[in-house]
Amino acid sequence: RGGVVGGTIYVNALEMVSHISEHPNQQPSHKIQITMGSTEARVDYMGSSILMGIFSNADLKLQDEWKVNLFTPLDTSISDKSEIFIHGDLQWDIIQVMISRSTTPDLIKIGMTLHRSYEHTS
């Protein structure tokens with residue numbers, strides 16, 4: 001019933017830039033941009049590679065948008081609607097994924113094994 005799950009992730013180049021702005025009486029703002037060169041990933045189960053992927057020149061941009069009441073109303077029974085949105089943009093040049101005939105059942109087995117192991121630890 002047990003199995004060995006492993007894998008590798010190789011990233012050729014990684015750059016990350018972030019901007020955080022949190023000031024009193026202003027909506028907070030957070031931005032992050034992650035750029036990766038060629039990236040290879042592999043998932044192994046029971047000694048066999050079941051999922052392999054390569055993508056190049058990936059660029060991920062995330063930015064949040066806050067719509068919250070910054071001022072406490074005099075009447076605390078009034079609850080204002082607060083919203084937080086996360087906007088994202090993902091781009092890449094090339095993406096290739098290779099699966100085997102047993103990839104889907106093996107991924108289900110991996111998920112069930114991980115779920116059981118986390119149930120026992122809590």
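Is Lys 67 buried, partly exposed or exposed, and what is its relative accessible area? In this predicted model, Lys 67 is partly exposed, with a relative accessible area of 40%. Its side chain meets that of Glu 65 in a salt bridge, with an N to O distance of 3.5 Å. Glu 65 is likewise partly exposed, at 29%.

**Overall architecture**

The protein chain holds 8 strands and 1 helix. Along the sequence the order is β-β-β-β-β-β-β-β-α. Of the 122 residues in the chain, 13% are buried. Among contacts with a separation of 6 or more, 60% join residues 24 or more positions apart. The accessible surface amounts to about 9,700 Å², and carbon and sulfur atoms contribute 58% of that area.

**Helix α1**

Helix α1 spans residues 103-121 and comprises 19 residues. From its first C-alpha to its last it reaches 27 Å, close to the 27 Å expected at 1.5 Å a residue. Thr 103, Asp 106 and Ile 110 are buried in this helix. Viewed down the axis of α1, the buried residues fall within an arc of 65°, and therefore they line one face of the helix. That buried set packs against β1 (5-11), β4 (39-45), β5 (48-56) and β8 (94-99). On the face turned away from the buried side, α1 carries the exposed residues Thr 104 and Ile 108.

**Salt bridges**

The count of salt bridges comes to 3.

| Arg 42 (32%, partly exposed) | Asp 44 (16%, buried) | 3.0 Å |

An α-helix has 3.6 residues a turn, so residues three or four places apart point the same way.

**The loop residue Gln 27**

Gln 27 is placed in the loop between β2 (14-21) and β3 (29-36). With 33% relative accessibility, Gln 27 counts as partly exposed. A polar atom of the Gln 27 side chain lies 2.9 Å from the backbone oxygen of Val 68. Gln 27 and Trp 66 are separated by 39 residues in sequence, yet their C-alpha atoms are 6.1 Å apart in space.

Definitions and conventions
Residues are numbered from 1 along each chain as its sequence is written. This is a predicted model: local features need pLDDT of at least 70, side-chain atom pairs count only at pLDDT 80 or more; totals for chains, interfaces and linings use all residues. Side-chain values use heavy atoms; hydrogens and water are left out. Helices (H or I, at least four residues) and strands (E, at least two) are DSSP runs, numbered from the N terminus. Buried means under 20% relative accessible area, exposed over 50%, partly exposed in between (1.4 Å probe, protein chains only). Contact means heavy atoms within 4.5 Å. Accessible areas come from the Shrake-Rupley method with a 1.4 Å probe; for residues, only the protein chains shown count as cover. The expected span of a helix is 1.5 Å times one less than its number of residues. The arc is that of the directions from the helix axis to the C-beta atoms. A polar contact is a pair of N or O atoms within 3.5 Å; within protein, one must be able to donate a hydrogen and the other to accept it, and residues adjacent in sequence count only if both atoms are side-chain atoms. A salt bridge is a side-chain nitrogen of Lys or Arg within 4 Å of a carboxyl oxygen of Asp or Glu.
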